[in-house]
Amino acid sequence: MERFLSARLNSLRGKRTKSAFSKLLGIPYTSYCDYEKGIRSPDSQTLTAICRTLDISADWLLGLSATPTAPGLILHEEPAGYETVKTAETVFHERAICAEAKAAQLQEEIKRLRAMHKEEVATLRELLQDLTKALSQQKAPREKP
């Protein structure tokens, strides 16, 4: 079954990138790659979502049928609010990816600023030592005439 699933997902993806196609399907990139490589199969909920999105039958996707859609199959009659939930899940997933990327950028910026801060503190310490040394030389006891 994974062999059919893998080959048919690859065929359906066409020239799109795996990343773009996984976003279209609303599934994580790594999961999609595992499905296309035949490493694992989607659970029933994910399989249903893929078939609804692509307007294909699960039987065809799994290699149990030679025709992509079953006779009389109606894939667009979702329960009320289904599309809204699906869209919200997709938006949430995309926002989570963006948030993770932004968090990584901020962590790098914090590291850079900490390193810069350490350099500035070291420079200020050196200046303070030089100033202290200069002041101590000026305060050296002068001989009285």
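How are α2 and α3 oriented to each other? In this predicted model, local features need pLDDT of at least 70, side-chain atom pairs count only at pLDDT 80 or more, and totals for chains, interfaces and linings use all residues. Residues are numbered from 1 along each chain as its sequence is written, and side-chain values use heavy atoms, without hydrogens and water.

Two packed helices are described by the angle between their axes and the distance between the axes. Helices here are DSSP runs (H or I, at least four residues), numbered from the N terminus. Axes are lines fitted to C-alpha atoms over the stretch in contact, and angles run from 0 to 180 degrees between N-to-C directions.

Helix α2 spans residues 18–25 and helix α3 residues 29–37. Their axes come within 9 Å and cross at roughly 105°. The two helices are therefore roughly perpendicular to each other (65 to 115 degrees). In contact (heavy atoms within 4.5 Å) are Lys18, Ser19, Phe21, Ser22 and Leu25 of α2 with Tyr29, Tyr32, Cys33 and Glu36 of α3. By class, this contact has 5 nonpolar, 2 polar and 2 charged residues. Ala, Val, Leu, Ile, Met, Phe, Trp, Tyr, Cys and Pro count as nonpolar, Asp, Glu, Lys and Arg as charged, and the others, Gly among them, as polar.

Helix α4 covers residues 44–54. Its axis lies 9 Å from that of α2, at an angle of about 100°. Thus α2 and α4 are also roughly perpendicular to each other. Phe21, Leu24 and Leu25 of α2 meet Ile50, Thr53 and Leu54 of α4. This contact has 5 nonpolar, 1 polar and no charged residues.

Cysteine 33 is buried at 7% relative accessibility (under 20% relative accessible area, 1.4 Å probe, protein chains only). Cysteine 51 is buried at 4%. The whole structure holds 0 disulfides (pairs of cysteine sulfur atoms within 2.5 Å).

Key: Parallel < 35°, antiparallel > 145°, perpendicular 65-115°, else oblique. Buried < 20%, exposed > 50% of the residue type's maximum accessible area, 1.4 Å probe, protein only.
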